[in-house]
Amino acid sequence: MLSMKSISKVFKTDLVETHALRDFNLEVNEGEFVAVTGPSGSGKTTFLNIAGLLEGVSGGEYILDGVDIANLSDNKSAAIRNEKIGFIFQGFNLIPDLNLAENVEVPLRYRGFSAKERKRRVQHALEQVGLAARMKHLPSQLSGGQQQRVAIARALAGEPRFLLADEPTGNLDSMMARQVMELLEEINKAGTTIIMVTHDAELARRAQRNIQIVDGQVCDFTMYQGGANADKPHLVSDADKSDELAQATAEKVAS
């Protein structure tokens, strides 16, 4: 579904070149839930912006649903972004003077849907996140977790092929973060591909696959077996193998 090969991204000024991504390679299959981790400044946000067609690449190949993104015009890229991709951000980015239904409806107006179709999509999206009964409420009348659910509903109303989530629980306490994560897991089980950037190791472990980015490159990945993905295969990363080898060596020395 998403394939990046030898992607590079260079930001240039008159005096400095900053290599945000270099020889970046990643494939995400339809229906996956992928968590992206890594230290600050490692290139996670740049990767997410490129994946979401918000930025172009300096080199390499990006194929999305069989389409070579690098060769598309800005208008074509925008059309694909609006049709296939939903965004969830750390800040809820809700319009305070609009009620929940109106907030969810805003992107649909830009896409030119009829009033009937907008109403159907808004209703369905708010039902998915459990807030249909509060659609006339203002954002200020909701908790932080509920506001993030509205932001998720806004993304879902576009019926995207996959969601890009940038620290979606960063502004929430631990209980609300778990609730939002459970909602994302439900959305993923219904068939939506999710790529989530997070600093929370516990939440990352609940995804099917954990990608670690360091210095603009994918340096490690792990597929998890526990938690919400108990039926998924388990692949031990190189770092885990090193830990296991060290533990086995220590046990031999002790014996």
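Modeller: Let's start with Arg209, which pairs with Glu32 in a salt bridge whose closest N and O atoms sit 2.8 Å apart. Keep in mind that this is a predicted model. The pair ties together distant parts of the chain: Arg209 belongs to strand β9 (residues 209–214), while Glu32 is in the loop between β2 (17–28) and β3, 177 residues apart. Both Arg209 and Glu32 are buried.

Next, go to Arg120 and Glu159, whose side chains meet in another salt bridge, at 3.0 Å from N to O. Here too distant parts of the chain are linked, with Arg120 in helix α4 (residues 115–128) and Glu159 in the loop between α5 and β7 (162–166), 39 residues apart. Arg120 counts as partly exposed because its relative accessibility is 40%, which falls between the 20% and 50% cut-offs. Glu159, with a relative accessible area of 41%, is partly exposed as well.

Glu159 also forms a salt bridge with Arg121, and there the closest N and O atoms are 3.6 Å apart. At 10% relative accessibility, Arg121 is under the 20% cut-off, so it counts as buried.

There's a network to look at, too: salt bridges with shared partners join Glu30, Asp65, Lys84 and Arg161. Altogether, the structure holds 12 salt bridges.

Arg81, in helix α2 (residues 74–84), is buried but has no salt bridge. What Arg81 does have is a polar side-chain atom 2.7 Å from the backbone oxygen of Leu53. Leaving out residues up to four places away in sequence, Arg81 touches Gly52, Leu53, Leu54 and Phe87.

Phe87 takes us on to the largest pocket, as it is among the lining residues nearest the pocket's centre, along with Asn82, Ile85, Pro107 and Arg154. The lining has 16 residues in total, and the space inside is about 410 Å³. Helix α2 turns up again here: α2, β6 (85–88), α3 (100–110) and α5 (144–156) each supply at least two residues of the lining.

How values were computed:
Residues are numbered from 1 along each chain as its sequence is written. This is a predicted model: local features need pLDDT of at least 70, side-chain atom pairs count only at pLDDT 80 or more; totals for chains, interfaces and linings use all residues. Side-chain values use heavy atoms; hydrogens and water are left out. Helices (H or I, at least four residues) and strands (E, at least two) are DSSP runs, numbered from the N terminus. Buried means under 20% relative accessible area, exposed over 50%, partly exposed in between (1.4 Å probe, protein chains only). Lys and Arg count as positive and Asp and Glu as negative; His and the chain ends are not counted. A salt bridge is a side-chain nitrogen of Lys or Arg within 4 Å of a carboxyl oxygen of Asp or Glu. A polar contact is a pair of N or O atoms within 3.5 Å; within protein, one must be able to donate a hydrogen and the other to accept it, and residues adjacent in sequence count only if both atoms are side-chain atoms. Contact means heavy atoms within 4.5 Å. On a 1 Å grid over the protein atoms alone, a cavity is a set of points where a 1.4 Å probe fits but cannot get out, and a pocket is an open set with protein on both sides within 12 Å along at least five of seven lines; lining residues have an atom within 4 Å of a point. Grid points are joined across faces, edges and corners, and a volume is the space filled by probe spheres set on the points.
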